[in-house]
Amino acid sequence: MKLLRFLLALVVPPLGVFLTVGVGPTLVINILLTLLGWLPGSIHALWVVAKREEALNSGTY
């Protein structure tokens with residue numbers, strides 16, 4: 001599932017964020033960034049997925 005989220009964050013950024021954090025302000029920000037351009041949305045989505053994985057691995061989330 002982790003690999004799938006990273007791939008979706010790269011290809012379809014809002015879907016990757018949605019599968020990672022669900023509906024919320026992070027998803028709205030990602031949709032706006034994706035509307036500005038695919039690259040900003042993808043960078044943000046990869047960052048969100050990576051931070052979520054880091055938090056899950058360290059046990060702080």
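**Figure 1. Glutamate 53 is located in helix α4.** The model is a predicted one, in which local features need pLDDT of at least 70 and side-chain atom pairs count only at pLDDT 80 or more, while totals for chains, interfaces and linings use all residues. Residues are numbered from 1 along each chain as its sequence is written, and side-chain values use heavy atoms, with hydrogens and water left out. Helices (H or I, at least four residues) and strands (E, at least two) are DSSP runs, numbered from the N terminus. Glutamate 53 has a relative accessible area of 10% and is therefore buried; buried means under 20% relative accessible area, exposed over 50%, and partly exposed in between (1.4 Å probe, protein chains only). Apart from neighbours within four places in sequence, glutamate 53 is in contact with Lys2, Arg5 and Phe6, where contact means heavy atoms within 4.5 Å. The C-alpha atom of glutamate 53 is separated by 19 Å from that of isoleucine 29, a residue 24 residues apart from it along the chain.

**Figure 2. A salt bridge joins the side chains of glutamate 53 and arginine 5.** Side chains of opposite charge can pair when their charged atoms come close. A salt bridge is a side-chain nitrogen of Lys or Arg within 4 Å of a carboxyl oxygen of Asp or Glu, and the structure holds two of them. Between glutamate 53 and arginine 5 the N to O distance is 3.1 Å. This pair links distant parts of the chain, with arginine 5 in helix α1 and glutamate 53 in helix α4, 48 residues apart. Both residues, glutamate 53 and arginine 5, are buried.

**Figure 3. Lysine 51 and glutamate 54 form a salt bridge.** The closest N and O atoms of lysine 51 and glutamate 54 are 3.9 Å apart. Both residues lie in helix α4, three residues apart, which is about one turn of the helix. Lysine 51 counts as partly exposed because its relative accessibility is 38%. Glutamate 54 has a relative accessible area of 48%, so glutamate 54 is partly exposed too.

**Figure 4. Helices α3 and α4 pack against each other.** Helix α3 covers residues 25–36, and its axis lies 6 Å from that of α4, at an angle of about 150 degrees. Axes are lines fitted to C-alpha atoms, for helices over the stretch in contact, and angles run from 0 to 180 degrees between N-to-C directions. The two helices, α3 and α4, are therefore roughly antiparallel to each other. On the α3 side the contact is made by Thr26, Ile29, Asn30, Leu33 and Thr34, and on the α4 side by Trp38, Pro40, Gly41, His44, Ala45 and Val48. Angles under 35 degrees count as roughly parallel, over 145 as roughly antiparallel, 65 to 115 as roughly perpendicular and the rest as oblique.

**Figure 5. Serine 42 sits in helix α4.** With 2% relative accessibility, serine 42 counts as buried. Residues up to four places away in sequence aside, serine 42 touches Ala9, Leu10 and Pro13.

**Figure 6. Leucine 10 of helix α1 and isoleucine 43 of helix α4.** These two residues, leucine 10 and isoleucine 43, are 33 residues apart in sequence and 7.8 Å apart in space, C-alpha to C-alpha. Leucine 10 counts as partly exposed because its relative accessibility is 38%, whereas isoleucine 43 is exposed, with a relative accessible area of 52%. Not counting residues up to four places away in sequence, leucine 10 touches Trp38, Ser42 and Leu46. The C-alpha atoms of isoleucine 43 and glutamate 53, which are ten residues apart along the chain, are separated by 15 Å.

**Figure 7. A nonpolar patch lies on the surface.** Patches are made of residues with over 30% relative accessible area and no salt bridge, with like charges joined within 9 Å and nonpolar side chains (Val, Leu, Ile, Met, Phe, Trp, Tyr) within 5 Å. Residues of this patch include Met1, Leu4, Leu10, Trp38 and Ile43, and the whole patch has about 1,200 Å² of accessible area. Accessible areas come from the Shrake-Rupley method with a 1.4 Å probe, and for residues only the protein chains shown count as cover. At least two residues of the nonpolar patch come from each of α1 (2–11), α2 (13–21) and α4 (38–58). Leucine 4, found in helix α1, counts as partly exposed at 43% relative accessibility.
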